[in-house]
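Below are my notes on the model, as numbered points. Please read them with the structure open.

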Amino acid sequence: MALIHVRNFAKSFDGKQVHKNVTFSVKEGECLGLLGGSGVGKSVVLRSLIGLEKPDSGEVLIEGDDVSKYSERELIPIRTKVAYVFQNGALFDSMSVYENLAYPLREHTSLTEPEIKNRIHEQLVEFGLEDAEFKSPAQLSGGMQKRVGLARSIIIGPKVVLYDEPTAGLDPYNTVKIQEMIQRLRDKGVTSIFVTHDMPSAFAVCDRMALLQDGEVVAEGAVEDLKRDPNGLLQKFVKGEKP
Ligand SMILES: Nc1ncnc2c1ncn2[C@@H]1O[C@H](COP(=O)(O)OP(=O)(O)OP(=O)(O)O)[C@@H](O)[C@H]1O
Ligand SMILES: [Mg+2]
């Protein structure tokens with residue numbers, strides 16, 4: 001049984017149908033690249049996995065439970081299990097990096113302050129962010145802010161991480177750093193969906209890719225197979241050719 005299963009997902013906004021029948025699944029420990037042009041509805045699918053959007057019809061299953069049927073209260077534990085990495089990092093501007101990382105630990109775990117301190121130090125060292133500890137977000141470059149944002153999203157140890165264009169607008173150095181963070185989490189068995197327009201990163205971190213187009217998943221396959229099949233829909237999309 002797949003850990004994530006989106007089945008027959010349909011949704012309209014203002015009378016315009018964006019998702020007609022989106023179906024895909026992600027196995028435990030796998031990283032699925034979710035590709036597609038601007039506006040096809042990738043972010044809406046990710047948001048629906050933490051209950052921020054609900055489909056008009058269809059199912060959004062995490063470990064067999066349909067989170068689209070959950071109340072706000074029932075969603076609380078889901079949000080500790082499933083992390084959503086926002087595009088801009090979404091840090092609290094008035095707090096230091098340390099305080100930003102401490103926030104989810106204080107909110108969602110029963111760790112003591114010394115334990116929190118250890119956890120934050122471990123995380124900062126693991127991701128090469130030690131120098132940022134006492135800085136405020138405004139003192140960091142955009143690339144560093146995104147890396148700290150990712151570190152904050154995953155500090156409580158989620159089982160699933162949803163990445164929404166985590167490398168958009170980054171220089172090659174920070175892009176590679178983010179790729180390494182994602183790979184490290186994958187090595188630890190985290191299941192993830194990686195939404196991106198950054199093809200080199202998608203090829204670097206994903207096991208499988210799915211292409212969303214006209215309200216449906218029109219192609220999907222293992223990254224290894226994609227590299228061998230230059231004429232598939234996914235390859236055409238990757239190369240920027242008209243589908
Ligand atoms: N809350 C909302 N209210 C109205 N329309 C919305 C809402 N959320 C999304 N949409 C519309 O749904 C469509 C899909 O949006 P979504 O943000 O999921 O696209 P996307 O694939 O993530 O695009 P991009 O690659 O540009 O980020 C867009 O046309 C968008 O305007
Ligand atoms: Mg989006």
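1. The model is a predicted one, in which local features need pLDDT of at least 70, side-chain atom pairs count only at pLDDT 80 or more, and totals for chains, interfaces and linings use all residues. Residues are numbered from 1 along each chain as its sequence is written, and side-chain values use heavy atoms, with hydrogens and water left out.

2. Helix α1 covers residues 42-49, and six of its eight residues are buried, so the helix is largely enclosed by the rest of the structure. Buried means under 20% relative accessible area, with a 1.4 Å probe and protein chains only. The buried positions in α1 are Lys 42, Val 44, Val 45, Leu 46, Ser 48 and Leu 49.

3. The protein has nine helices and ten strands; these are DSSP runs, H or I of at least four residues for helices and E of at least two for strands, numbered from the N terminus. Its radius of gyration is 18 Å, close to the 18 Å that the globule rule gives for 243 residues, so the protein is as compact as a globular protein of that length. The radius is taken over C-alpha atoms, and the rule is 2.2 Å times the number of residues to the power 0.38.

4. Of the 243 residues, 50% are buried. Among contacts (heavy atoms within 4.5 Å) with a separation of 6 or more, 63% join residues 24 or more positions apart.

Conventions. Chains lettered and ligands numbered in written order.
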